[in-house]
Amino acid sequence: RAIAFGAMGTAGQRCTTLRRLFVHESVYDRLLPRLRKAYESVSVGSPLETEALVGPLIDRPAFEAMQTALAAARAAGGQVTGGARVETGSADAYYVRPAVVEM
């Protein structure tokens with residue numbers, strides 16, 4: 001829970017948001033499935049209109065930068081869980097499911 005909250009609890013809107021996690025091999029196989037499940041199940045949407053935990057990215061360039069980083073991770077052999085845009089009916093809103101990248 002602490003890992004998921006540290007990474008998603010403020011949707012990246014603070015300087016202490018978790019961006020990298022080094023996982024020891026002795027706990028990797030138990031931790032990663034739980035972490036992926038948390039990322040896949042977190043609520044994404046407008047916190048003004050719903051109980052969503054994760055709000056939008058600031059704009060299209062931020063969304064494109066995220067997609068570029070995820071594509072680079074995949075090209076380098078990383079496994080990406082999440083990172084897809086969540087459609088909300090507004091073309092100008094960039095809601096995105098948080099991503100776990102395993103390298």
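Helices here are DSSP runs of H or I with at least four residues, numbered from the N terminus. Keep that handy for the exercises below, and remember that this is a predicted model.

**Exercise 1. Find the salt bridges and say where the partners of each one sit.**

Step 1: Start with the total. A search of the whole structure turns up 2 salt bridges.

Step 2: Take the pair inside a helix. Arg 60 and Glu 64 join their side chains in a salt bridge, 2.6 Å from N to O. Both residues belong to helix H3, and they are 4 residues apart, about one turn of the helix.

Step 3: Check how open that pair is. The cut-offs you need are under 20% relative accessible area for buried and over 50% for exposed, with partly exposed in between. Arg 60 has 49% relative accessibility, so it counts as partly exposed. Glu 64, with 35%, is partly exposed too.

Step 4: Now the other pair. Arg 36 and Glu 102 meet through their side chains at 2.9 Å, N to O. Because Arg 36 is in helix H2 and Glu 102 in strand S4, this bridge ties together parts 66 residues apart in sequence. Glu 102 has a relative accessible area of 10%, so it is buried.

**Exercise 2. Work out which face of strand S4 is covered, and what pairs with the strand.**

Step 1: Val 100 and Glu 102 are on the covered one, while Ala 99 and Val 101 are on the uncovered one.

Step 2: S4 pairs with strand S1 (residues 79–82) in the antiparallel sense, over 4 bridges. Val 100 in S4 has Thr 81 standing opposite.

**Exercise 3. Describe the surroundings of the Phe 63 ring.**

Step 1: Count the aromatic pairs. The structure has 1.

Step 2: Name the partners. Phe 63 and Tyr 94 make a tilted pair, with 5.5 Å centre to centre and 35° between the planes.

Step 3: Phe 63 is in helix H3 and Tyr 94 in the loop between strands S2 (85–86) and S3 (95–96), so you can see from the 31 residues separating them that the pair links distant parts of the chain. Phe 63 and Tyr 94 are both buried.

Step 4: The charged end of Arg 85 sits over the Phe 63 ring, 5.8 Å from the ring's centre.

How values were computed. Residues numbered from 1 in each chain as written. Predicted model: local features only at pLDDT ≥ 70, side-chain atom pairs only at ≥ 80, totals over all residues. Heavy atoms only, no water. Buried < 20%, exposed > 50% of the residue type's maximum accessible area, 1.4 Å probe, protein only. Helix = DSSP H or I, 4+ residues; strand = E, 2+ residues; numbered from the N terminus. Pairing = 2+ DSSP bridges. Phe/Tyr/Trp six-rings, centres within 6.5 Å; stacked < 30°, edge-to-face > 60°. Lys NZ or Arg CZ within 6 Å of the ring centre and 35° of its normal. Salt bridge = Lys/Arg side-chain N within 4 Å of Asp/Glu carboxyl O.
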